[in-house]
Amino acid sequence: MRLTRNIILFGLSTLFLIISLVSSSANDDSLDFVPSILYCSEPKNNPFHIRGRYQVLMAKNGICILKNSITKNRFDNIDRSAYVFIVEKRTEAKVDFWTGNRSTKLLPNGKKTAPHFSRDYVGNIYHDLRRYDTRVKAVINGQFFNANMNPTFLSFPTKNKGDDVLAGDNDLRLSTEKSAKDYSVLNLNDRSASVTRYRSQLGPGQAIIGYSVGYRGGDVNPFNRIRRTLAGVTYGNYSSFVVFYVPINMTLEDAENRMKIDLGVLYDNIVIFDGGGSTQFRAQTSNGESIHLTSNRTIPMAFVIKEK
């Protein structure tokens, strides 16, 4: 009797293990995919390695735009769509910062408030920029901000073309050694890029602070399935790549894992930016088709991707 029960228990355990593996494979879109190589510019000597099934929407002049091909599985029918924007830094392709009209107010004590910026829809930002420069290929939301204010301040320091854009009370929180590990800096120079831990003085070039992988707080819930904008840096044979990852309905941990497994961006090289209704983009593919993720929320700051 005991032998029969043990055999039954063993059989059930084996069946449960098989089901778990099948379920895990179905939820991990990259397990059965063959690694592939992508080139974002000519000559084709600086490969970007991808492990996963992605549709290539653009791959030229230092910019690649991708969309994952498998977005649902048979178990939960959750849409896990994601868009990827890659900028090869050895080329003249670049990432600029857009901010709304800047203003400050004079306080009763004679000091000025932190800079405030007017907000606009990402579609308006995109079309306004392309009216003067057709090299603009994508506009993606970026920095955290106070969604109840317009104009509003940016939540964390953002350095654009020599200006330090500060963020009021959050500067005090950032300056404490205890919380510094929660913040990372995306550094953008003319031909290179890097991600470093927060430090009180931002380096030369453009720089923007966001949350580090592992941060779990009021602004970032790792278990919610919401839109989110993440950025990271990885390295090819000759230069760095800046990678923007925009998942539509993933948990934060899912998105972080996809960046590492599919796109080769290590956790220490990922910076987490705003999400929810703030996450939006508008871009143009190789054949001139417009792709977009819109929202009824306006934003004060965005990343602008321009081809060489």
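A residue is called buried when its relative accessible area is under 20%, exposed when that area is over 50%, and partly exposed in between. The views below all come from a predicted model.

**View 1. Helix H5 and its buried residues.** Helix H5 is made of twelve residues, 252-263, and at 1.5 Å a residue it should span 16 Å, which agrees with the 16 Å that separates its end C-alpha atoms. Within this helix, the residues that count as buried are Leu 252, Ala 255, Glu 256, Arg 258, Met 259, Asp 262 and Leu 263. When H5 is seen down its axis, these buried residues fall within an arc of 160°, so they line one face of the helix. The pattern can be understood from the geometry of an α-helix, which has 3.6 residues a turn, so that residues three or four places apart point the same way.

**View 2. The surroundings and the end of H5.** The buried residues of H5 pack against several strands, namely E2 (48-50), E3 (54-60), E5 (82-88), E15 (228-235), E16 (240-247) and E17 (270-275). After the helix comes Gly 264, and the phi angle of this glycine is positive, near 75°.

**View 3. The disulfide between Cys 40 and Cys 64.** One disulfide is counted in the model, and it joins Cys 40 to Cys 64 with a distance of 2.2 Å from S to S. The pair links distant parts of the chain, since Cys 40 belongs to the loop between E1 and E2 while Cys 64 belongs to strand E4, 24 residues apart. The angle about the S-S bond is -125°, and the link of Cys 40 and Cys 64 is left-handed. Cys 40 has a relative accessibility of 1% and therefore counts as buried, and Cys 64, at 0%, counts as buried too.

View 4. The peptide bond from Glu 42 to Pro 43 is cis, with an omega near -5°, and Pro 43 is found in the loop between strand E1 (36-38) and E2. Asn 150 and Pro 151 are also joined by a cis peptide bond, for which omega is about 5°. Pro 151 is found in the loop between strand E9 (136-141) and strand E10 (158-160).

**View 5. Asn 61, a residue with a positive phi.** Although Asn 61 is not a glycine, its phi is positive, at about 55°. Asn 61 is placed in the loop between E3 and strand E4 (63-68). Because its relative accessibility is 27%, Asn 61 counts as partly exposed.

Terms used
Residues are numbered from 1 along each chain as its sequence is written. This is a predicted model: local features need pLDDT of at least 70, side-chain atom pairs count only at pLDDT 80 or more; totals for chains, interfaces and linings use all residues. Side-chain values use heavy atoms; hydrogens and water are left out. Helices (H or I, at least four residues) and strands (E, at least two) are DSSP runs, numbered from the N terminus. The expected span of a helix is 1.5 Å times one less than its number of residues. Buried means under 20% relative accessible area, exposed over 50%, partly exposed in between (1.4 Å probe, protein chains only). The arc is that of the directions from the helix axis to the C-beta atoms. Contact means heavy atoms within 4.5 Å. A disulfide is a pair of cysteine sulfur atoms within 2.5 Å.
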